[in-house]
Amino acid sequence: MAEAIEKSVGAGPGGSDPDTDNYLTHGKGVLSWLFTLDHKRIGVMYLVAILGSFFLGGVFALALRTELWTPGQTIMTADTYNKMFTLHGAVMIFLFIIPGIPATLGNFVLPLMLGAKDVALPRLNLASFWLWLTGATVAVASIIIGAVDTGWTFYTPYSTTTTTAVTAMTLGAFILGFSSIFTGLNFIVTIHKMRPEGMTWFRMPLFLWGIYSTAIIQVLATPVLGITLLLLVAERTLGVGIFDPSLGGDPVLYQHFFWFYSHPAVYIMILPAMAIMSELISTFSGKHIFGYRFIAWSSIAIALLSFLVWGHHMFTSGQSSLTNMIFSALTFSVAIPSAVKVFNWLATMYKGSIRLAAPMLYALSFLFLFAIGGLTGLFLGSLSTDIHLHDTYFVVAHFHYVMFGGTVIAFLGGIHYWWPKMFGRMYSERWAQVSALLVFVGFNLTFFTQFVMGSHGMPRRYYNYLEKFTVYHQASTVGSYILAVGFLIMAGYLLHSLVAGEKAPANPWGAATLEWETTSPPPYYNFAHEMRAGDPYDLDAMRWDPATGGYVRKDPSSVLASSGEAG
Amino acid sequence: MAGHATTPQEGLRVDHHFENADQQYQSAKLGMWVFLATEILFFGGLFVAYAVYRSNHPEVFIFGHHFLDKNLGALNTIILICSSLTAAWAVRAAQLKQIGLLKLMLVLTMLCAFGFMGVKAVEYNAKWKHGLLWAGSYDPHLDHDEPITESTTDEELQVPGAEVEAEVASQAQRVGDADLVESEVVSESTVVDAPTDRSNIASAAEGPTGLAGAGEHGPDEHAIDIEPANAQTFFSIYFLMTGLHGIHVLGGIGAFLWLLWCAQRGDFATGHFTRVDMVALYWHVVDLIWIYLFLLLYLIE
Amino acid sequence: MAAAPDPEDGSFWMPPQISTIASNVDWLFNFILAISVFFFVLIVVVMVVFVLKYRRRAGESAEASPNHNLPLELTWTGIPVAIVIVIFFFGFKGYLDMATPPANAYEIMVEGQKWNWSFTYPNGYVDANLHVPVDRPIQLVMSSADVIHSLYVPVFRIKQDVVPGRYSKVWFEATEPGEYDLFCAEYCGTGHSDMLAHVVVHPPGEFEAWLEQASNFLETMSPVDAGRKLFQVRGCMQCHSLDGTAKTGPTLLNIFGHPVTLSDGTTVIADENYIRESILEPAAQVVAGFEPVMPTFQGRLKDAEILAIIEYLKAPEGATQEDNS
């Protein structure tokens with residue numbers, strides 16, 4: 001019985017070979033992908049699209065950093081530069097990082113972690129993807145017809161009076177917002193309704209707690225962005241005028257509306273990253289996660305508190321002192337759960353059995369970089385220091401450390417972790433280490449000098465700058481090129497692995513969550529049997545199997561549902 | 001509405017990724033409630049804008065709401081409440097597989113929705129005719145072709161004082177526009193004021209609260225006749241809120257049409273009523289939002 | 001960037017402290033920095049030590065250890081809570097000082113527009129730079145003519161958004177004579193990074209003399225010199241070069257008396273009337289190849305001032321030769 005079950009986990013029913021019969025090969029042709037209801041295919045399509053957006057946003061970054069090599073004009077005019085930083089921000093935020101981890105890894109992994117066949121609402125999932133494509137197309141079209149020069153924040157009255165393609169870009173962002181809302185909605189319903197036998201809320205992998213908390217924010221905050229962008233479009237096209245002082249409106253009201261979404265949005269970015277961290281640290285420390293409940297509750301706490309702090313982006317806007325005080329105090333509160341997570345991850349490593357595989361290198365980078373990013377948030381949450389640092393490069397450095405050093409690094413860790421599961425291939429560990437090192441070094445060189453520039457008074461969004469800041473800018477530009485090289489190498493070995501990588505076993509890392517109980521890549525129906533949840537961090541339940549070159553469960557029946565029938 | 005007793009049973013299609021029909025139904029229900037939460041937040045932004053502007057400039061709202069006809073608003077409220085009833089009835093009919101009754105209720109709901117849009121069209125038309133539009137297009141005048149300007153003589157205005165009301169009243173009889181007949185503030189002094197000067201932003205910076213317009217009138221006029229500065233803000237908010245709501249009503253009409261088509265096709269013969277339930281839920285929220293709009297825009301005292 | 005800890009020269013992180021609140025801000029910055037460095041080093045050292053000490057060894061798995069520890073969790077939650085409360089308190093206290101101007105502050109009106117600042121002194125004189133007396137509280141009352149700007153003086157550690165349709169205020173007291181940078185810190189378009197001004201802190205007794213002399217420039221200077229001053233301090237220089245390079249606006253080198261091609265294709269001679277109209281109604285005739293973004297100076301330049309500018313642009317010793325003074 002045990003062998004029969006083991007065998008069928010390693011192969012599809014009837015012993016089919018996962019190499020040739022899996023979700024990637026099931027159904028051929030472009031249409032079978034564009035009209036798929038399979039969450040795995042949707043996740044992969046998102047991955048391609050989103051990494052493409054990252055590349056596009058990166059090109060804008062390199063362009064602007066090149067311009068900043070010297071003060072004054074280097075390779076472009078001021079107007080072009082202003083468009084470069086706006087597009088870098090808008091593309092990175094709306095096309096890449098907000099959909100980011102949930103749309104790609106969330107879509108792929110969530111149902112598998114639940115032992116389920118798909119998300120609760122597969123058609124809505126496909127609709128989300130099409131909405132992403134539509135919104136991205138509109139956004140890219142706006143770039144082609146003239147681009148935007150307002151900064152990704154579209155502050156009024158500049159954004160209601162500039163002649164650039166603001167209306168088109170905001171409509172693109174509006175559509176992308178709905179993609180995000182529907183993804184979040186889908187994940188909430190899936191996690192509520194489709195957990196397997198034995199998976200109570202506190203037996204869920206922490207990745208899912210993170211995705212769930214993110215989904216709460218996606219669903220509650222994004223509609224406010226939607227109405228804000230609609231109001232902006234109404235003001236530009238019809239002259240509705242609620243942000244225009246000459247028509248009786250209030251430009252600062254726009255900022256309140258905008259940040260009411262955009263602050264929670266940054267937690268949409270970081271919560272999934274933290275969610276991945278829990279998986280990576282546990283798996284590669286060979287140990288049960290430490291402080292499960294604290295980590296789980298901290299995700300929820302961050303999601304809820306994130307709605308209360310938006311005013312810390314507006315300390316100099318003219319808000320009353322009382323308002324400033326309240327927002328500052330609340331801002332510090334949201335720092336605490338993040339700190340708790342970091343300490344719990346470190347405690348997980350204590351007395352572990354640590355492997356420095358590529359995903360773990362990214363997890364360790366995260367700890368280093370997110371610590372800096374989070375701690376520099378303290379300077380900005382504190383009122384008197386923020387007055388000096390607001391709208392300087394200090395802020396730019398802070399958010400790049402948390403969004404890039406935090407989210408992107410964790411995203412890369414997750415991609416490297418689930419890559420074998422998604423594509424059935426292992427990548428070159430050696431080249432992955434080289435790339436991780438280049439990204440780490442390049443990142444710090446790019447952004448650390450920006451802290452010092454900023455505290456010395458270098459404002460952000462500046463095309464021209466005083467001579468004394470030149471050396472900082474040049475260091476930063478060199479760093480950005482090193483980053484680019486690191487990413488190019490990464491693209492190289494990952495693509496190479498798809499055609500020539502070593503075949504991946506079902507469970508290369510020895511993790512205990514359910515996605516590793518099916519083949520790499522999975523069949524289109526995910527699991528040969530109905531699954532039951534065990535402890536997602538019971539790594540002792542796994543053993544190395546030299547025959548398959550991966551890990552297998554010591555007692556496979558422990559994760560099969562009592563009925564034992566194929567789903 | 002639906003409880004466990006009426007959960008769909010055999011004969012219906014359960015998507016392959018669900019374990020059973022109940023899981024499918026529960027998922028749809030939770031999904032729809034989450035979606036409705038997003039709609040509340042979507043409108044919420046506009047309600048916040050309303051609250052902010054009203055608390056900062058109550059005179060603008062007191063002035064503006066006189067141009068809304070409470071009777072038409074109340075009529076629309078009743079229409080929508082009736083439509084919620086017919087929608088709920090439609091769900092019940094679908095649960096009981098009474099397809100004829102279901103189709104009747106769907107049609108009645110849509111008729112109510114059309115009626116609502118019709119009343120709104122009348123209201124919007126009245127506003128447009130008199131230039132009572134959102135800020136950028138705010139241009140209040142008596143007659144479509146004759147804007148009031150600074151050079152309009154007192155004589156031209158004094159005499160038509162009575163004539164305006166008569167003319168408007170007769171127009172009302174022809175097209176059912178009751179907006180301006182009811183209003184007490186359609187006097188020359190109200191619509192004479194030029195819209196707030198938009199060309200010089202510096203003047204907007206003068207005076208912290210924007211009541212600059214109020215001081216231009218003589219002391220013997222009623223405060224209610226005085227058009228406050230930035231009166232157009234009321235209409236901006238009015239059109240934004242009712243306009244967004246109207247778009248959702250149109251969406252609802254589309255959804256009910258789809259349900260009618262499904263009913264015609266026989267999709268509900270098995271007692272699978274989830275779709276009807278979900279659309280009706282949406283419709284109830286649309287109704288609920290209207291009730292708040294009616295309270296906040298029409299019934300200001 | 002001086003290595004010496006003399007606050008006047010700045011430090012590794014901060015520019016010089018030139019206002020009464022700067023040392024307080026820097027103190028808090030350094031306090032937070034110390035805490036941050038402490039925790040960062042702690043986290044990184046623990047991480048590295050664990051990686052080295054608990055590196056996987058072949059054949060061994062992790063030894064058993066607990067997966068939770070409530071006292072530990074409460075400790076590493078409670079200590080950060082206490083720390084952030086302290087940081088919040090100091091930040092708030094410092095901020096209240098920054099937000100509460102003394103009663104006898106000297107008031108200067110500020111207007112920000114794309115892309116220059118103008119400072120109006122109590123006697124009505126307008127300058128492009130901010131001149132203040134040392135050791136005296138100054139309150140700036142600010143508004144914008146167009147979009148949101150933000151007035152930022154790093155050495156004073158002050159910053160406040162400048163919003164159209166309302167007034168915003170910021171106060172400071174400079175502690176050291178000298179000339180310092182003033183930036184716009186809210187993105188406002190093409191010339192955002194060129195929207196600079198200088199803060200000139202005068203030694204005791206010299207501010208009043210400066211103001212008196214500067215205010216009378218129309219009387220004390222020749223029309224050409226007065227025109228040159230206006231050209232420099234009223235924001236013309238931000239957009240119009242005098243050396244032939246095109247900036248946001250066309251260069252004014254040798255413009256007077258010469259033909260100018262307009263955006264509608266016609267050509268006009270740049271005479272007195274053309275200059276005057278360009279200043280008062282800039283959108284009426286726009287030079288070909290440039291955007292119609294010049295703001296009007298209607299109500300901001302007196303007739304005598306416009307005359308002076310015209311003289312400056314006209315005269316052989318004025319803008320008709322390269323003039324970079």
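**View 1. Domains of chain C in the predicted model.** In this predicted model, the domain assignment divides chain C into three parts: domain 1 (7–48 + 70–99), domain 2 (106–215) and domain 3 (220–314). The centres of domain 2 and domain 3 of chain C, taken over C-alpha atoms, are 24 Å apart. Their contact involves 13 residues from domain 2 of chain C and 8 residues from domain 3 of chain C. On the side of domain 2 of chain C that touches domain 3 of chain C, the elements that contribute two or more residues are β2 (116–120) and β3 (126–127) of chain C. That side of domain 2 has 4 nonpolar, 6 polar and 3 charged residues.

View 2. C:K114 and C:W115 are joined by a cis peptide bond, with omega about 0 degrees. C:W115 belongs to the loop between β1 (106–113) and β2 of chain C. The strand β2 of chain C is also one of the elements on the side of domain 2 that touches domain 3.

**View 3. Helices α1 and α2 of chain C.** Helix α1 (residues 22–53) and helix α2 (residues 70–99) of chain C pack with their axes 10 Å apart and at an angle of about 165 degrees. Because angles over 145 degrees count as roughly antiparallel, α1(C) is described as roughly antiparallel to α2(C). The crossing of α1(C) past α2(C) is left-handed. From α1(C), the residues C:N24, C:V25, C:L28, C:F31, C:I32 and C:I35 meet C:I83, C:I87, C:F90, C:G91 and C:G94 of α2(C). Sorted by class, this contact of α1(C) with α2(C) has 8 nonpolar, 3 polar and no charged residues.

**View 4. Contact between chain A and chain C.** Chain A gives 70 residues to this contact and chain C gives 67 residues. Elements of chain A that supply two or more residues to the side touching chain C are α4 (78–97), α7 (158–161), α10 (251–285), α11 (292–305), α12 (321–349), α13 (358–381), α14 (383–389) and α16 (429–455). The largest share of that side, 14 residues, comes from α12(A). By class, the residues on the side of chain A that touches chain C divide into 40 nonpolar, 24 polar and 6 charged.

**View 5. Helices α16 and α17 of chain A.** The helix α16(A) is among the elements of chain A on the side that touches chain C. Within chain A, α16(A) packs with helix α17 (residues 470–500) at an angle of about 160 degrees, and their axes are 7 Å apart. That angle makes α16(A) roughly antiparallel to α17(A). The crossing in which α16(A) passes α17(A) is left-handed. The contact of α16(A) with α17(A) comprises 20 nonpolar, 9 polar and no charged residues.

**View 6. Helices α5 and α8 of chain A.** Helix α5 (residues 100–113) and helix α8 (residues 166–193) of chain A have axes that come within 12 Å and cross at roughly 20 degrees. With this crossing angle, α5(A) is roughly parallel to α8(A). The crossing of the pair α5(A) and α8(A) is left-handed. Residues A:P102, A:A103, A:G106, A:L110 and A:P111 of α5(A) meet A:T183, A:F187 and A:T190 of α8(A). By class, the contact of α5(A) with α8(A) has 5 nonpolar, 3 polar and no charged residues.

**View 7. Two loops of chain A.** In the loop between α14 and α15 (393–423) of chain A lies A:D391. The phi of A:D391 is near 60 degrees, which is a positive value in a residue other than glycine. A cis peptide bond joins A:S520 to A:P521, with omega about -10 degrees.

**View 8. Helix α3 of chain B and the residue after its end.** Helix α3 (residues 70–95) of chain B has 26 residues. From its first C-alpha to its last, α3(B) reaches 38 Å, close to the 38 Å expected at 1.5 Å a residue. Just after α3(B), B:K97 adopts a positive phi of about 60 degrees.

Notes:
Residues are numbered from 1 along each chain as its sequence is written. Chains are lettered from A and ligands numbered from 1 in the order in which they are written. This is a predicted model: local features need pLDDT of at least 70, side-chain atom pairs count only at pLDDT 80 or more; totals for chains, interfaces and linings use all residues. Helices (H or I, at least four residues) and strands (E, at least two) are DSSP runs, numbered from the N terminus. The expected span of a helix is 1.5 Å times one less than its number of residues. Axes are lines fitted to C-alpha atoms, for helices over the stretch in contact, and angles run from 0 to 180 degrees between N-to-C directions. Angles under 35 degrees count as roughly parallel, over 145 as roughly antiparallel, 65 to 115 as roughly perpendicular and the rest as oblique. A crossing is left-handed if the near helix is turned anticlockwise from the far one by less than a right angle, and right-handed if clockwise. Two residues are in contact if their C-beta atoms, placed from the backbone, lie within 7 Å. Ala, Val, Leu, Ile, Met, Phe, Trp, Tyr, Cys and Pro count as nonpolar, Asp, Glu, Lys and Arg as charged, and the others, Gly among them, as polar. Domain bounds come from an automatic or database domain assignment.
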